[in-house]
Amino acid sequence: MPADPTTLDDSPELPSRLDPESAEWVRALGGSGAEREAAVVRLHELLLRVARREVRRRSGLLRVDGPELDDLAHQAAADALLAITGKIGQFRGESRFSTWAYKFVIFEVSSKIGRHFWRRPQVSLEAEEWERLPDRFGLDPSRESEWRELITALRRAVETELTERQRQVFVEMVLNGVPLDALVARLGSNRNAIYKIMFDARRKLRTALAAHGYPHDNTPEQQR
C-alpha cells in the first residue's frame with residue numbers, strides 16, 4: 001500500500017541522510033500544532049523571497065511590474081507551499097531541504113509566467129515586434145541596413161515556409177521570448193518535442209534564407 005504523502009517516513013535510514021537543517025524542517029512541517037504553523041509561516045516567507053527574486057529576474061520578458069508582478073510571486077509562493085507541505089513525506093534527502101523546496105517555487109513561477117504570456121495573442125507577427133530583434137540580439141549597429149534586410153527575409157520565411165505549429169513555437173520562443181518551460185506547459189508537450197519542432201523550423205528557415213543569398217550562420221536566431 002502506498003505511503004501517505006502527508007506523513008513522515010519512519011524508516012530508520014531517513015534521519016541519517018538528512019543534514020540538521022533539513023531534518024528540522026521535515027520534523028517541524030510533519031508535526032502539528034503551533035510548531036508546525038510557525039514552520040509553515042517561515043517556509044512561506046522563504047518561498048516568497050525566492051519567487052520575488054525570480055519574477056524580477058524575468059520581468060523584462062513579462063512587461064509587467066509593480067503590484068501585478070508581486071501578485072505573481074505571491075501566487076507562486078502559495079502554490080509551492082501547498083505542494084511542499086502535501087509532499088513532505090516524500091522528501092528523501094538527496095539534496096538539502098531548501099534546494100528541494102526551491103524547485104517547487106521555481107516551477108510555480110514558470111507556470112504563472114506561462115499563464116501570463118497566454119493572455120496575449122499566441123503568435124505575433126507585427127512589424128514592431130520584429131524590429132526589436134536587432135537590439136535583443138546585440139547586432140552591430142553599423143550593419144543596420146544589412147540586418148534590416150535579413151530580418152525582413154526571415155519574417156517572410158516564417159510566414160510562408162513554416163507549418164502553423166512550427167511558426168507558433170518559433171515566434172513565441174525567438175520573437176516573444178517565452179520561456180521554454182512555459183511553452184511546454186501551455187502546449188501540453190515536452191522539452192524534446194519542442195526542441196524537435198524548433199530544429200525543423202530552423203532547418204526550413206536556413207534553407208529558405210540560403211536560397212536568397214543569406215548564410216545560415218549569420219541569422220539573428222543563430223546569435224542567441
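## Burial in helix H10

Buried means under 20% relative accessible area. In this predicted model, the buried residues of H10 are Gln 166, Arg 167, Gln 168, Val 169, Phe 170, Val 171, Glu 172, Met 173, Val 174 and Leu 175. That makes 10 of the 12 residues, so H10 is largely enclosed by the rest of the structure.

The helix covers residues 164-175. At 1.5 Å a residue, H10 should span 16 Å. Its end C-alpha atoms lie 15 Å apart, which agrees.

## H10 against H12

Two packed helices are described by the angle between their axes and the distance between the axes. The axes of H10 and helix H12 (residues 191-211) come within 9 Å. They cross at roughly 95°. Angles of 65 to 115 degrees count as roughly perpendicular, and H10 and H12 are therefore roughly perpendicular to each other.

From H10, the contact uses Arg 165, Gln 166, Val 169, Phe 170, Met 173 and Val 174. H12 contributes Ile 194, Ile 197, Met 198, Asp 200, Ala 201, Arg 202, Lys 204 and Leu 205. The residues of this contact divide into 9 nonpolar, 1 polar and 4 charged.

## Confidence

The chain averages a pLDDT of 76, and 68% of the residues score at least 70. Helix H3 (residues 33-57) has the highest confidence, with a mean of 92. Helix H1 (residues 13-17) has the lowest, with a mean of 51.

Notes:
Residues numbered from 1 in each chain as written. Predicted model: local features only at pLDDT ≥ 70, side-chain atom pairs only at ≥ 80, totals over all residues. Heavy atoms only, no water. pLDDT = per-residue confidence, 0-100. Helix = DSSP H or I, 4+ residues; strand = E, 2+ residues; numbered from the N terminus. Expected span 1.5 Å × (residues − 1). Buried < 20%, exposed > 50% of the residue type's maximum accessible area, 1.4 Å probe, protein only. Axes fitted to C-alpha atoms, helices over the stretch in contact; angles between N-to-C directions. Parallel < 35°, antiparallel > 145°, perpendicular 65-115°, else oblique. Contact = heavy atoms within 4.5 Å. Nonpolar A, V, L, I, M, F, W, Y, C, P; charged D, E, K, R; others polar.
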